[in-house]
Amino acid sequence: MAHTISRRAKISLAVLGFLLAIPALALIVLLNYDWNRARPWLGSRASEALQRPVELRGNLSLTWQKQALPPQARSWRDHIPWPHLVARDVHVGNPAGLPAGDTAAAQTLAFSLSPFALLGRKIAIPELRFDQPQLALLRQADGKNNWTLPKRPPSAWRMELDRVVFTRGTIKLDDAQQNIAATAHVDTLDNDPRYGVQWTLAGKWNKQDISGKGKTGAMLALRDTSLPFPIQADAKVGLVSVAAQGTLTNPAQLAAIDLQLKVAGASAARLYALTGLLLPETPPFTTAGRLSGHLAEGASQWTYEKFTGRVGDSDIAGTLSFQQRQPRGLLTGAVHSRLLQFTDLGPLIGADSNARKEERGVAAVQPAGKLLPVETFKTERWTAIDADVSFHAERIVRTKELPLSKLQTEFHLKDGVLRLTPLNFEFAGGQVASKATLDGSSGEAVAATLDANARHIKLKQLLPKLPELKQATIGEINADAKLTAKGNSVAAMLAHSNGELKTLVNDGTVSKLLLEQMGLNIGNIVLTKLFGDKPVHLNCLAGDFGVRDGLAQTRYFIADTEDATVRINGTVNLASEKIDLTLKPESKGLRIISLRAPIYVRGSLKQPDVDIDKGVIALRAGGALALGAIAAPVAALAPLISAGGEGDNQCAALLAAARAKPQAPPPGKMQR
């Protein structure tokens, strides 16, 4: 019996010794094996898996190391050395169909491998380290690129990568689709508690210069999604500069971004190339706020919240959100302004100077002799995004004394059709209510409609500090405008506009100084020629224009004062920007018998001529609303110079007669 037990013990010990000898022998072989002999085989297997050439040109070695983990994060397994593979001079080439060259290269590629995870068909790599990596990212015009890896069939094996560490290196991007050719140089930082890597950037994007610098963490935590990856960047792309500081969470999935973001540029429209967001043309702007993003395939969401800033001389603040969806993304939000400078609205329709156009990055296309803006709308972008954004301005300033306030509008862009509903504001004790539609869905000419009315605008509130108006009896302005138009610019739309414009003023006072303050230079000249420099009391003023294919024709236009009744007839050609109006004063007394001579207003909108009894006087108006004083169609669109009220009995009789018998065009009417 003892002999049997002894024999069994010997057999068990032999088996145990054999089992222990196998891993020991394997360990000895692994430690002493020349792994460089395996480089061709490993390169071939990697090439097959990645479907592109992989070469291990340098030394390949295997060591056994314990993992560098804090004591509280270690388990009993972490006290056992793990195999640590180090490959030097590694090159990964471009896939077939692209020019020969490397997609990536590294002086050293190193990682550890958990031996216990292999028992569960899992390749567990706690840390993948790249020393002096070189990335050359390439995308052709047809979309073929070298960074998309091939899809592999399902496998029983899975890989887990905890973190990636990289040191000094270079990243190049050559993207024919986005017209980007840029290079980033990466270097390590020492003794920085937050950042481990610094970088610089230079290159071109759509023929615009790119430059930048910044810092990031040295380690990407791919599995610990709660560990943020720090980011700091200052960059400039063409006429736009960006400064950001914050964190990226879960870099493997780009799950969330949280940044304090500052953006400045020559125009908000220049952000389209960077973001794909359709924003209007503006003067130079700057904003600062918090940008947060939650990224998901096909359903990303971004929010630029509680931002503040300036656009030109106007302040802005608000929150904007963008939601990725099909067939296009949706921009929503609310923006408000305490003080909006009227001149800052000019770039919206291209009504700024050629010098200003060049500053905001568009061609200086406005001809010297043309007043109406010819800058074309970029309607091809209108179908890139939908939008529901509200805008509110407490006060609008054109001059120090013009009382505009409480602008309220909502931008609704859907399927390339932009609706401004409503487009309202308060002005001089009255209200201007309007709505407009701009249909750019065709990608070519914009089809526009405008329906506007102004009610109870108090003339006395226009210039409350004007001395000669303090004691005057001041009436109200009322106006209506209905227009349709089609074109790819403001000038083109007005040249093909149709509709009608009506203005009425009762019991008002007009002076040269009033017109000067409002910028109505033609009216200023006409008023001086008719009545001199004194304030003139209006019993009433009424105008009715019909507009057909860009030609505005007076149906009736009458101004009745204490000294004379002035009848105006003629045309304003919005296509050629030519004026042909005749003013026929009828004196009410011998003291102004000279007022019987007709006055002719001709020439162009930008440089009109005023003739009195065939005496030609060359004038240079230069105002943005040259027709304001004579209630031409452009002026009728602006509530500053609209008119209203029925007036006294005499005015009512004049208006009734004018309506019953519309005026005929003057002799020698301008031809289109």
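Visitor: Which residues have the most contacts inside the largest nonpolar core?
Guide: Bear in mind that this is a predicted model. Its largest nonpolar core has 72 residues, and Val-335, Leu-407, Ile-457 and Val-572 have the most contacts inside it. Strand S19, residues 385–397, gives the most to this core: six residues.

Visitor: What does Val-335 touch, leaving out residues up to four places away in sequence?
Guide: Its partners include Phe-307, Ile-316, Ala-317 and Leu-320. Val-389, Ser-390, Phe-391 and His-392 are also among them.

Visitor: How many of the 672 residues are buried, as a percentage?
Guide: Buried residues make up 43% of the protein chain. The chain exposes about 34600 Å², with carbon and sulfur atoms supplying 57% of that area. For secondary structure, count 11 helices and 32 strands.

Visitor: Now the rings. How is an aromatic pair described?
Guide: By the distance of the ring centres and the angle of the planes. Here the count is two aromatic pairs. Tyr-304 and Phe-307 are stacked, at 5.1 Å centre to centre with 10 degrees between the planes. Both Tyr-304 and Phe-307 are buried.

Visitor: What is the geometry of the pair Phe-545 and Phe-557?
Guide: Edge-to-face: 5.8 Å centre to centre, 70 degrees between the planes. Phe-545 lies in strand S26 and Phe-557 in strand S27, so the pair ties together parts 12 residues apart in sequence. Why do they count as buried? The cut-off is under 20% relative accessible area. Phe-545 is at 2%, so it counts as buried. Phe-557 is buried too, at 1%.

Visitor: And charges: how many salt bridges are there?
Guide: The count comes to 21. Take Glu-305 and Arg-290, whose closest N and O atoms are 3.2 Å apart. Glu-305 sits in strand S16 and Arg-290 in strand S15, so this bridge ties together parts 15 residues apart in sequence. Glu-305 is partly exposed at 22% relative accessibility, and Arg-290 is partly exposed at 33%.

Visitor: Which residues do salt bridges with shared partners join into one network?
Guide: Arg-270, Glu-281, Arg-360 and Glu-375. For other bridges, look at Asp-209 with Lys-204, at 2.5 Å from N to O. Arg-57 and Glu-55 also meet, at 3.3 Å.

Technical notes:
Residues are numbered from 1 along each chain as its sequence is written. This is a predicted model: local features need pLDDT of at least 70, side-chain atom pairs count only at pLDDT 80 or more; totals for chains, interfaces and linings use all residues. Side-chain values use heavy atoms; hydrogens and water are left out. A nonpolar core is a set of buried Ala, Val, Leu, Ile, Met, Phe, Trp, Tyr and Cys residues joined through side-chain atoms within 4.5 Å. Buried means under 20% relative accessible area, exposed over 50%, partly exposed in between (1.4 Å probe, protein chains only). Helices (H or I, at least four residues) and strands (E, at least two) are DSSP runs, numbered from the N terminus. Contact means heavy atoms within 4.5 Å. Accessible areas come from the Shrake-Rupley method with a 1.4 Å probe; for residues, only the protein chains shown count as cover. Rings of Phe, Tyr and Trp (its six-membered ring) pair if their centres lie within 6.5 Å; planes under 30 degrees apart count as stacked, over 60 as edge-to-face and the rest as tilted. A salt bridge is a side-chain nitrogen of Lys or Arg within 4 Å of a carboxyl oxygen of Asp or Glu.
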